[in-house]
Amino acid sequence: MNKVACIGECMIEMSEHPDGRITRGFGGDTLNTAIYLARLGVHVDYITALGDDSWSADMLAAWQAEGVGTAYVARMAGRLPGLYVIQTDTAGERRFSYWRDRAPARDIFAEPHAAAVARALPTFTHLYLSGISLSLYGATGRAALGAALDAAKSGGTRIVFDTNFRPRGWPDLDEARAAYRDLFARADIVFASTEDLQPLFGDAEAALRREALHAEIVLKHATPTCGIIVGAETADVAAAPVPRVIDTTAAGDSFAAGYLAARINGRSPVEAARAGHRVAGAVVQHRGAIIPRDAMPKEVL
């Protein structure tokens, strides 16, 4: 049976509405992907760390209600999860503000938690993480993560990397480039965007062809189109237009879920890209990272 583990951080999400109201939810890029994978019928666990507070307890309950496994979520006494605020402009483009420097997720690859996580990773068929995940851990944590990924990969686990580059998380761009190159070399599937990679590598496609030699590459363009690169084979897959874009939060995360779920179910990369577009097209028509269950597209895979 295929089993996916998503690795990263979930935060308290505060969404600011046009009338000034603020509503609370939970979100984080890899957590968003985990929830959409679960809704698409994929067996998925989330690997992170939380505090021992009531918000952390609410998060766990919410993930479990969505069908996301929480057996590998560490709880750290006296710690609180990170928080972010979403503001959107009239075109639906989002801006994030973060409070997360002491979030417990940053220490999941520090002892004593790192050893338990390393033992768990080879039990999954796919491991999904992002550039935001990488930015959490620091050099020591990334080294522990890399060793754990290598051990899992040697047993047949596939590594899926979403580039999600956020400059605030990387004060040193050379450090970011090195971390990304390490993951590109390990990855079996790479989700990238021209917007993400331009600050790091300039020409995104050239960088991916150079750095992710053995990966199945999904490159999202500025227009609602993605390019698929598998060895010498390439294809462009356009998204169907949506009636109205309300909020682009989690568009990429939900696309990745649709794509990965389709690939796990034996669909081709082009069919998987269409599935990703269908999920993302529904998500951008609602506010916040996680849309209501009844707003999910009826046919994805």
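1. A term to start with: two strands count as paired if DSSP finds at least two bridges between them. Helices (H or I, at least four residues) and strands (E, at least two) are DSSP runs, numbered from the N terminus. With that in hand, look at glycine 51, whose bridge partner in β5 is methionine 76. Strand β4 (residues 43-51) and strand β5 (residues 73-76) run parallel, joined by four bridges.

2. Before going further, a word on what you're looking at. This is a predicted model, where local features need pLDDT of at least 70, side-chain atom pairs count only at pLDDT 80 or more, and totals for chains, interfaces and linings use all residues. Residues are numbered from 1 along each chain as its sequence is written, and side-chain values use heavy atoms, with hydrogens and water left out.

3. Back to those strands. Together with helix α2 (residues 54-65), β4 and β5 make a right-handed β-α-β unit. Right-handed here means that, with the strands pointing away from the viewer, the path from the first strand over the helix to the second runs clockwise.

4. What ties β4 to α2? Tyrosine 46 lies in strand β4 and tryptophan 63 in helix α2, so their pair ties together parts that are 17 residues apart in sequence. The ring centres are 5.3 Å apart and the planes at 80°, so this pair is edge-to-face. (Rings of Phe, Tyr and Trp, the last by its six-membered ring, pair if their centres lie within 6.5 Å; planes under 30 degrees apart count as stacked, over 60 as edge-to-face and the rest as tilted.) Tyrosine 46 is buried at a relative accessible area of 0%, and tryptophan 63 is buried too, at 1%. Buried means under 20% relative accessible area, exposed over 50%, partly exposed in between (1.4 Å probe, protein chains only).

5. Tryptophan 63 turns up again in the largest nonpolar core, which has 54 residues; Val4, Leu37, Trp63 and Phe191 touch the most other members. Helix α8 (residues 251-264) gives the most to this core, with eight residues. Such a core is a set of buried Ala, Val, Leu, Ile, Met, Phe, Trp, Tyr and Cys residues joined through side-chain atoms within 4.5 Å.

6. Phe161, Phe165, Trp170, Tyr180, Phe184 and Phe201 form one aromatic cluster.
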